[in-house]
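Notebook open, structure loaded. Today I'm going through salt bridges first, then cavities.

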Amino acid sequence: MDQARTTISKFLNGEPHSYTRFNLTQNMEGDTSQVEMKLSSDMDEEVGGNGVGDHLNHNSPHKPHMAQKFRRSPKNLCFLAAGALLIFIIGYLIGYLVQSKKDSTPSFPATSFSYPKEAAPVPYETGAAPLMNWGDVKGILAQKLSASNFDAAFSGFTSDDHRAGSLGDELLRNKVVSKFTEYRMHPWTDVHFVKVQDPPASGSNRFVFKDGTEELPTGFLSYSANGTANDTVVYAHYGQEDDLVLLANKNINLSGKVLLVRAGKISYAAKVANAAKVNASAVLIYADPNDYNMPADTQLFGHVHMGSGDPYTPGFPSFNHTQFPPVQSSGLPKILAQTITAAMANRILSKLGGEDAPPNWYCSNQLGDETDRITVEVNNVLAEKKINNIFGVIKGFVDADRYVVIGAQRDAWGPGFAASTVGTSVLVELARSISDMVKNDGFKPRRSIVFASFSAGEYGSVGATEWLEGYMSTLGMKACSYINLDGIVTGRSGFKVAASPLMHNLIGNMLKQVATPNKDGTLYSQFSKSEWEKNILEPLQMDNAAYPFLAFSGIPSLSFRFTSGDKDYPYFGTKLDTQKNLNSATSNDVSKLAVVAAQFAGQIALRLVHDHLLQMDLKKYSDNIRFQVAQINGKFRTIMRVKPELLPKSLTVKWLMSASGSFTRAMQKLGKDIENSDLDNIEKCRILNDRIMTVERNFLSPYVSPTDSPFRHILLGSGGHTLSALYNHLNILGTNHHDADADLFRTQFALATWTIQGCAISLAGDIWALENEI
């Protein structure tokens, strides 16, 4: 503009100036273009003589006369005005372009993505979700959670009868919907029609030992085979694999036998599956007084599906509009299974013959002999039930389509106070607290939080699994984590956590930030002793509702609980799971423990939706893979040395070890990318988080069908595709075991290798950015 004003001034004052040249820069290609504006005496030559150019020639000897003439001519005055206006406009444009160039030139960090010159820079956060200090976030949450609020919640959600699909379940569903609506969470319902087994509508399941009285237990095990078994009974301790191997080593034939086993150690389903492997005909399960301090006539309820979800729609959802051909899960047992009371079991144990039970079984009875005949009859009925899963959401302000899911089952066999009432109450109280933080305290989560109330949890996480099956592609891509609230308070002297290795580091941090019920320290200081992972972490079992999220859908998952030391809470799966009995097990501190549980779950969820970068630790998985690959390599070398004829000489562990190394290098590359990235850049941060989120999902083997092997996770899943199964297969090669198959092993070995390599490739980033060594 200054240059334009100077030119106009000189022009109007008649100062000599041959011509002025303006350079306009920054064209679309980024080159320098030159626009030349001539105001010269040569113009008369260009127009051919005595035209307007003669009057503008500053070198004319008649300059004063011509200027005077120029001023007096209306026509020339018009030309002068037009020229001045043109020069003003051009000068303005020059100034605008120069300033625009300065303002629009992006300045990228040396390690950031480089964008095309014509593209606008990626927008940064400008207040859409200003970060609240983390200390303030957890402080506000703690203020909103109180024991008195939980007492009121317990009162509202306590029910004596709310089995899945019942009227009581429906009433609780309506209460949850009402609460979510009150908190402005816009609740929605996910409806499924599932098949479950219930006890006989008329008559009863029964058994008769020797020539004694007919026994009629009212407890039952859903998904048992129906029919009658008539053979001798054998006491088999807890029914674990080691227990059955010990009996086999004593030359006790278990084929066709009825096994009497104690509850505990492993799930009902695992006990029955182990019995089926040795060709037993039936399993009777009881709660031994040495393990469970409760009345001898207590009835037990449960299920024996070695899996989760509706076993009659394995791998796909039980929506009413689906029309699949009849099919059933391979996890359904083909033998009979029934629970009996401790009093009934004692009448059997007291009359058993045969040799004494092993000393390490800590019992005084015998194992049974050929005179101990028993008849077992199971007549369960299959029923279709309508179940409702209820959801509410607090939407994020930046990445609303990425979310953490917090869930709890709503149903129970009886009162189910520890099994479902506490978890449902914590779920609703967290929903209230966090929604209030957003509404009144200025908290703006980057990502969303979904609150889920599931039904049919007692039948094997049916509601949760059906939801996963119905929305498998969406949830696997967008759910950052699942936090399970089932059974979170069962005692007060211990604390246990089962979770994906990706979450271990986050768990350790939260243990140090959550105070104990009596405010005399943190969960870390009270329960970790020395190594918190050794003392607090436990494996995630198949009967845990978090397991299908992890092993079926590839979503990092977490489950935790306050415990009574090494003893199990005795009232799960009974009608004695009441508030009174849970108070007794926790020294009347249920409400205080619920507050701490809510803070632990809530802080983990809030940390995952608050931070720019997801707190997921990939090193634990790298170590896990390297450990299992080393085990396989050691066993493989032993076989090739001792029995080289079992496997072809061309088979090598080199490629599996290479895949393991690729994963470690890809993990390190991601770490460098994170270190060198601006995490305030929304798009860059989202890309990094998506790479982290693919890890768990990519451990799901793409080479097995979810209808045949639903738990496809190669490290934490179940089936022949897992690394642990490869190791076990190497152990049985060369034996007469019916599962030994060298060709099958080679196939599984190759597929597991490429699953790990594929996970490494995905983790490393875009295909055009991959390094050769990955």
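Which side chain does K385 meet in a salt bridge? I looked it up in this predicted model, and the partner is D198, at 3.0 Å from N to O. The two sit 187 residues apart in the chain, with K385 in strand β12 (residues 381-394) and D198 in strand β3 (residues 188-198). I checked burial too: K385 counts as buried because its relative accessible area is 16%, under the 20% cut-off. D198 is buried as well, at 12%.

Then I went to R492 and D589, where the closest N and O atoms are 2.3 Å apart. This one goes loop to loop: R492 lies between β15 (479-484) and β16 (494-499), D589 between α19 (579-585) and α20 (590-610), and 97 residues separate them. D589 comes out buried, with 13% relative accessibility.

I also noted a network: D399, D401, R402, R686 and D690 are joined by salt bridges that share partners. My tally for the model is 24 salt bridges.

On to cavities. I get two of 30 Å³ or more.

Technical notes
Residues numbered from 1 in each chain as written. Predicted model: local features only at pLDDT ≥ 70, side-chain atom pairs only at ≥ 80, totals over all residues. Heavy atoms only, no water. 1 Å grid on protein atoms, 1.4 Å probe; cavity = no way out; pocket = protein on both sides within 12 Å on 5 of 7 lines; lining within 4 Å. Points joined across faces, edges and corners; volume = space filled by probe spheres on them. Salt bridge = Lys/Arg side-chain N within 4 Å of Asp/Glu carboxyl O. Helix = DSSP H or I, 4+ residues; strand = E, 2+ residues; numbered from the N terminus. Buried < 20%, exposed > 50% of the residue type's maximum accessible area, 1.4 Å probe, protein only.
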